[in-house]
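Dear colleague,

I am handing over the structure we talked about, and below it you will find my notes on what turned up. Please read them with the sequence and the coordinates open beside you.

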Amino acid sequence: MEVIFKKPHALTDVPFHYCAGCTHGIVHRLVAEVIDELGIEGKTVGVSPVGCAVMCYDYFNCDVIEAPHGRAPAVATGIKRALPDNVVFTYQGDGDLAAIGTAETVHSATRGENITVIFINNTIYGMTGGQMAPTSLPNQVTQTTPYGRDVNTAGYPIRVCELLSNVDGVALAQRVAVDCVKNVNIAKQAIKKAFQNQIDKKGFSIVEVLSTCPTNWGMSPVEALQWLRDNMMPYYPLGVYKDGEKGDRLK
Ligand SMILES: Cc1ncc(C[n+]2csc(CCOP(=O)(O)OP(=O)(O)O)c2C)c(N)n1
Ligand code: SF4
């Protein structure tokens, strides 16, 4: 019988540990499909974060290095500079990338490091039990904002793609979602472009994926997808924020 749908080779046989309805697993699959399609498994190096995706080193069929909290782009910088022919990607949550790792994120982008960043924005610290993240929405109830995020004391959510779209080292800044088939397909094309940009030496590419954390949001998987559409998408519009190559606005 002809096989028409199978596990990408770039994923191992280790079962994911993610909660039911968590979209980390979908994004892992998309990254693996892209690695397969580009034929780069043997020369791809991942950098895993601190957060629920910490164990992605067990799931990807390539070398994956675990970075201290937020330092993935700095670690990726070192790997890429030492092994420029390799394809290096980070996979980071919003606590990792946009809180403790803000400096590494902004400065690796500013330097135009030729790396690919997969950014999972689920508006919360998932692994540690649902504390407020920099991306938590105004009035969002979390473990540390039981009355909702008060922007007067906790500030406003960081829109990472919009921020990085103004950085000259950036080639691609695109926000996607994986809430429906159409958006999954768009997300895959964005991830593929972010890897292809690196192969073409275009500079820093980031794909932000609006994601769900049903467990810490206290919702069913289906409710979580609807909450994402109703609450996250208006604040974090999907789209391409920069698409070019590093330094192109200076030419
Ligand atoms: C230096 C340091 N501070 C805090 C922690 C605790 N910690 C582990 S995971 C995490 C939050 C991760 O949240 P996020 O990056 O949004 O990923 P998610 O789990 O939601 O996928 C924190 C604060 C740590 N491991 N190291
Ligand atoms: S805690 Fe949230 S982010 Fe972590 S695996 Fe569960 S649903 Fe996913």
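**How two helices cross**

In this predicted model, helices α2 and α4 lie oblique to each other, because their axes cross at roughly 40° and an angle counts as roughly parallel under 35 degrees and as roughly perpendicular from 65 to 115. The axes of α2 (residues 72–82) and α4 (residues 102–110) come within 7 Å. On the α2 side the contact is made by Pro73, Ala74 and Thr77, and on the α4 side by Glu104, Thr105 and Ser108; sorted by class, these are two nonpolar, three polar and one charged residues.

**Helix α7**

Helix α7 runs over residues 181–199, and its 19 residues reach 27 Å from the first C-alpha to the last, close to the 27 Å expected. Its buried residues are Ala187, Lys188, Ala190, Ile191, Lys193, Ala194, Phe195, Asn197 and Gln198, and these pack against helix α1 (24–38) as well as the strands β3 (87–93), β4 (116–121), β7 (170–177) and β8 (204–210). After α7 comes Lys201, whose phi is positive, near 60°.

**Around ligand 2**

The shell around ligand 2 divides into seven nonpolar and five polar residues, with no charged ones. The residues around this ligand include Tyr18, His24, Asn122 and Met127, together with the cysteines Cys19, Cys22, Cys52 and Cys213. Helix α8 (residues 214–217) gives the largest share of the shell, three residues, and Pro214, Thr215 and Asn216 are among the residues around the ligand.

With best wishes

How values were computed. Residues numbered from 1 in each chain as written. Chains lettered and ligands numbered in written order. Predicted model: local features only at pLDDT ≥ 70, side-chain atom pairs only at ≥ 80, totals over all residues. Helix = DSSP H or I, 4+ residues; strand = E, 2+ residues; numbered from the N terminus. Expected span 1.5 Å × (residues − 1). Buried ≥ 20, exposed ≤ 12 C-beta atoms within 10 Å, placed from the backbone. Contact = placed C-beta atoms within 7 Å. Near = placed C-beta within 6 Å. Nonpolar A, V, L, I, M, F, W, Y, C, P; charged D, E, K, R; others polar. Axes fitted to C-alpha atoms, helices over the stretch in contact; angles between N-to-C directions. Parallel < 35°, antiparallel > 145°, perpendicular 65-115°, else oblique.
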